[in-house]
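Here's a quick tour of a chain and its charged pairs. Have a look at the structure first, then read on.

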Amino acid sequence: AFILLILFAFYIPIFPLVGGSSGESGFSFAYIFSIIEHSFLPAISIIIGALGLRFIFSLALTITEMNSDHVQYAEIASLSKRKIIYAYVVRNTMLPQITDLGMSLALIFEGALITEVVFGYPGIGYALYRGVISADYNLIMGVTLLSIIGIATASLIIDLIYPLFDPRVRYK
């Protein structure tokens with residue numbers, strides 16, 4: 001976040017340094033563009049932070065799956081490399097990724113707090129930070145409750161769509 005802030009808001013001033021929007025509030029193109037402009041760097045910093053971990057996790061799962069017995073048997077059976085990759089490796093490595101995607105919502109809330117404080121972006125994370133600084137326990141409880149509801153909802157949605165990706169899971 002600091003590198004993006006210094007690079008794209010200070011040295012190459014493409015994006016604004018702090019804030020959530022500029023100009024007069026309203027439903028106009030200029031105001032909506034200012035909201036997008038102010039939220040671009042915070043969003044990119046959260047995405048970049050999570051993306052590296054996803055790639056490493058995906059690589060480790062793929063290597064483990066490529067060394068599994070059923071993939072080696074498929075290679076011995078002279079199946080095409082494309083068939084092995086899509087039918088065995090991708091299907092089996094996709095399932096933990098989908099589960100992790102739903103559970104990573106907690107990390108998004110955590111990353112939003114740090115990112116919003118760094119960028120001075122007025123959001124839930126920044127409100128939580130102000131609540132902790134001013135000992136506003138009601139605000140802290142409200143943000144925590146909102147985070148729990150968001151994580152539980154994401155977990156429920158992942159559980160409901162899981163049978164679309166894994167034929168072994170069925171709901172009666």
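## A word on terms

Before we start: a residue counts as buried when its relative accessible area is under 20%, as exposed when it is over 50%, and as partly exposed in between. Keep in mind that this is a predicted model.

## Overall build

The chain is made of helices, with 7 of them and 0 strands. Its radius of gyration is 22 Å, well over the 16 Å that the globule rule gives for 172 residues, so the chain is more spread out than a compact globule. Along the principal axes, the C-alpha trace spans about 65 × 40 × 30 Å.

Buried residues make up 24% of the 172 in the chain. Of the contacts with a separation of 6 or more, 51% are between residues 24 or more positions apart.

## Charges and salt bridges

The chain carries 9 positive and 11 negative charges, and their mean positions sit 15 Å apart. Side chains of opposite charge can pair when their charged atoms come close. How many salt bridges does the structure hold? There are 2.

One joins Asp 100 and Arg 54, at 3.0 Å from N to O. Asp 100 is in helix 4 (residues 81-103) and Arg 54 in helix 2 (residues 29-66), so this pair ties together parts 46 residues apart in sequence. Arg 54 is buried, because its relative accessible area is 16%, while Asp 100 is partly exposed at 24%.

Lys 81 and Glu 75 form a salt bridge too, with their closest N and O atoms 3.6 Å apart. Glu 75 is partly exposed, at a relative accessible area of 37%.

Note on methods
Residues are numbered from 1 along each chain as its sequence is written. This is a predicted model: local features need pLDDT of at least 70, side-chain atom pairs count only at pLDDT 80 or more; totals for chains, interfaces and linings use all residues. Side-chain values use heavy atoms; hydrogens and water are left out. Helices (H or I, at least four residues) and strands (E, at least two) are DSSP runs, numbered from the N terminus. The radius of gyration is taken over C-alpha atoms; the globule rule is 2.2 Å times the number of residues to the power 0.38. Buried means under 20% relative accessible area, exposed over 50%, partly exposed in between (1.4 Å probe, protein chains only). Contact means heavy atoms within 4.5 Å. Lys and Arg count as positive and Asp and Glu as negative; His and the chain ends are not counted. The place of a charge is taken as NZ of Lys, CZ of Arg, CG of Asp or CD of Glu. A salt bridge is a side-chain nitrogen of Lys or Arg within 4 Å of a carboxyl oxygen of Asp or Glu.
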